[in-house]
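Please examine the sequence and the model shown below. The paragraphs that follow proceed from the overall surface and fold to individual charged pairs.

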Amino acid sequence: MSANQQDDVLKLQGGCYCGAVRYIAEGKAVMKGQCHCRECQYISGGAPQMFLLMPREGFRYTQGSPRSFTRSDLEHPVTREFCGECGTHLVTLRKDLPTLVVLKAGPLDDPALYGHPQMAIFTVDKQPFHHVPDGLPSFERMPVR
């Protein structure tokens, strides 16, 4: 994995806990955030999700194939892709963001390349044990684009 500091183009590699699914994500991060929504808490085991919005055209799986899950009871569901062997949550795909992939920071080979979040979202669902850094822009739901 490497990060090009000159033009902020990232080349990120990562994969699941058991190594069955691997990916590469290249491009400029559109945004880095932490999501406190209840769905992310379920996926993470209780913590907020740290994520990067990356160009979908620069993302590809290099080993294995993920399984996916989309809830059928929601008006605007997202699709979550994860390893079918170990369950590691890898990415989220949103119909309203067709050119982007929501890449999770945890499965990165070098999570330190994530850096710092630019905002916290869905703080309406934030738990008392979640930490939002002082001064970080925070939104009860999605900020208006």
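**Surface, fold and salt bridges**

The protein chain has an accessible surface of about 8,500 Å², and 50% of this belongs to carbon and sulfur atoms (Shrake-Rupley method, 1.4 Å probe; for residues, only the protein chains shown count as cover). The model is predicted: local features need pLDDT of at least 70 and side-chain atom pairs count only at pLDDT 80 or more, while totals for chains, interfaces and linings use all residues. Residues are numbered from 1 along each chain as its sequence is written, and side-chain values use heavy atoms, with hydrogens and water left out.

Of the 145 residues, 39% count as buried (under 20% relative accessible area; exposed is over 50%, partly exposed in between; 1.4 Å probe, protein chains only).

Five salt bridges are present in the structure, each defined as a side-chain nitrogen of Lys or Arg within 4 Å of a carboxyl oxygen of Asp or Glu. One of them joins R22 and D109, at 2.7 Å from N to O. This pair links distant parts of the chain, 87 residues apart: R22 lies in strand β3 (residues 22-28), and D109 in the loop between β10 (100-104) and β11 (119-121). D109 is partly exposed, at 43% relative accessibility.

R71 and D73 form another salt bridge, their closest N and O atoms being 2.7 Å apart. Here R71 is partly exposed at 34% relative accessibility, whereas D73 is exposed at 53%.

Terms used: Helices (H or I, at least four residues) and strands (E, at least two) are DSSP runs, numbered from the N terminus.
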